[in-house]
Amino acid sequence: MTPETEKYFRDLNDMFRSEGWKILLSDIQASAQGVNSIESTRDEQDLYFRKGQLAVMNNILNLETQVSAAQEQAETDDVED
């Protein structure tokens, strides 16, 4: 890995360990439950808007897993080279 890539992963991992990150995830999980309610969906346009909101929320909620997988792949690529 390049030094820039190592710093990128190190900075993200520092963020994941922070209390602020844990609070953000908790808030997003609570918000996702409300957004995921069909009962309060007004029309088709609102449904698609909520779908987009949920996609963004899921990306954030799964970011740590995605970064971990990318870091493992980068380390594996370094070993193979």
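Helix axes are lines fitted to C-alpha atoms over the stretch in contact, and angles run from 0 to 180 degrees between N-to-C directions. Helices are DSSP runs (H or I, at least four residues), numbered from the N terminus. The model is predicted: local features need pLDDT of at least 70, side-chain atom pairs count only at pLDDT 80 or more, and totals for chains, interfaces and linings use all residues. Residues are numbered from 1 along each chain as its sequence is written, and side-chain values use heavy atoms, without hydrogens and water.

The axes of α1 and α4 come within 11 Å and cross at roughly 150°. The two helices, α1 and α4, are therefore roughly antiparallel (over 145 degrees). Contacts (heavy atoms within 4.5 Å) join the pair. On the α1 side they involve Phe-9, Leu-12, Asn-13, Met-15 and Phe-16. Their partners in α4 are Leu-63, Glu-64, Val-67, Ala-70, Gln-71 and Ala-74.

A nonpolar core is a set of buried Ala, Val, Leu, Ile, Met, Phe, Trp, Tyr and Cys residues joined through side-chain atoms within 4.5 Å. Buried means under 20% relative accessible area, exposed over 50%, and partly exposed in between (1.4 Å probe, protein chains only). The largest such core has seven residues: Phe-9, Leu-12, Phe-16, Trp-21, Leu-25, Val-67 and Ala-74. The largest share, three residues, comes from α1. Another core, of five residues, lies apart from it and includes Ile-28, Ala-32, Val-35 and Met-57.

Phe-9 is buried, at 6% relative accessible area. Tyr-8, at 49% relative accessibility, is partly exposed.

How values were computed
Angles under 35 degrees count as roughly parallel, over 145 as roughly antiparallel, 65 to 115 as roughly perpendicular and the rest as oblique.
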